[in-house]
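Please keep the sequence and the structure in view while reading.

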Amino acid sequence: MPGSVDDYKGMKDLSKKFVKHLEIDDTAAGQRLDNFLMKTLKGVPQSHIYRIVRSGEVRVNGGRAKPSDHLSAGDSVRIPPLRLPARTENPRPAPPRSTCALPVLFEDDWLLAVNKPAGLAVHGGSGVSFGAVEQLRAQRPELRFLELVHRLDRETSGVLLLAKKRSALTGLHAAWRDGAVDKRYDVLVRGRWPDAKRKVQTPLTRFLTAEGERRVRADDDGQAATTVFYRQQVWPNLAPPLSLLEAELHTGRTHQIRVHLTHLGYPLAGDDKYGDFAWNRTLAKTGLRRMFLHARKLGFAHPASGEWLEIEAPLSEALQAFLDQLNDAGED
């Protein structure tokens, strides 16, 4: 009889001197093999997982498999004996359940959407102990499955969508790939935006700085990237003038909105990677101490019913207060 994921509760348990066979159920169906193993064999180094897959020690239905292979319900995954040291006395801390709950924008049996605040990463890693998804799992332990459908930058606020079923996750990932999701952002930029609507199709490429930080730049040889900007409001009498725009993402390249705006000469307010750093310091003194990039709306076909669903997140009090401050100074 195949074992279950619950057989693996810590690194001490993984040192057993026999092979395990795990049967894939509906909650794990559709996952890549490497992602399934990392979730199942918690605490095992990622490098070790890739080694045992590539060496053929992990098998799917009796045959060799690649880390990128997707699993199906009913598959049998062979896990070899893993002779690893016991966990240290100071394991990675779990997110506290007492952490302030994220505002829920929508929830049903398939989906959970929350309003992510700026400053909270969507998941742990890269020096972050835990993020939104770990916090939600800790606060909702009754949910057997909860995975991110998409990602937002740490300093971006707004609609964050998670799937409560594997089938919902795979369906929405397909919608993202097919461009069938309406993604709208609120952005505040320096300068007087001239067009009611402007379509930007500037290719982008990623690179590493001398310090090893990830960055993106406009590059004719880069990946296709399309953003449509709609003018919402302009404050022409301020110094410098400011414009509030709605950005519609047609592609989802890293830092796409920020780089497109800077490339056009309209830096995003508070952007500490591509923006105007001296201007950012002035903004902080007048009340804007974060990047003005807010994921306001997601529209998509519900993965179960097929009905069109739109989820919106209101601006934070801080961003709304800054807009009110601009309005007090006069608008066009």
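The buried residues of helix H1 are covered by elements that include strand E1 (20-23), helix H2 (46-54), strand E2 (59-60) and strand E4 (76-79). The model is predicted. The points below turn to helix H1 itself, then to the chain as a whole, and lastly to a pair of strands.

**Helix H1**
- Helix H1 spans residues 33-40, and its buried residues are Leu33, Asp34, Phe36, Leu37 and Thr40.
- Seen down the axis of H1, these buried residues fall within an arc of 160 degrees, so they line one face of the helix.
- As background, an α-helix has 3.6 residues a turn, so residues three or four places apart point the same way.

**The chain as a whole**
- The chain contains seven helices and 16 strands.
- Of the 332 residues in the chain, 45% are buried.
- When contacts between residues at least 6 apart in sequence are considered, 63% of them join residues at least 24 apart.
- The chain exposes about 17,200 Å², of which carbon and sulfur atoms supply 47%.

**Strands E11 and E12**
- Strand E11 (residues 204-208) and strand E12 (residues 214-218) run antiparallel and are joined by five bridges.
- Across this pairing, Phe207 stands opposite Arg215 in E12.
- E11 and E12 form a hairpin, with five residues between the two strands.
- In the turn of this hairpin, Gly212 has a positive phi of about 85 degrees.

Technical notes: Residues numbered from 1 in each chain as written. Predicted model: local features only at pLDDT ≥ 70, side-chain atom pairs only at ≥ 80, totals over all residues. Heavy atoms only, no water. Buried < 20%, exposed > 50% of the residue type's maximum accessible area, 1.4 Å probe, protein only. Helix = DSSP H or I, 4+ residues; strand = E, 2+ residues; numbered from the N terminus. Arc of directions from axis to C-beta. Contact = heavy atoms within 4.5 Å. Areas by Shrake-Rupley, 256 points an atom, 1.4 Å probe, with all protein chains shown as cover. Pairing = 2+ DSSP bridges.
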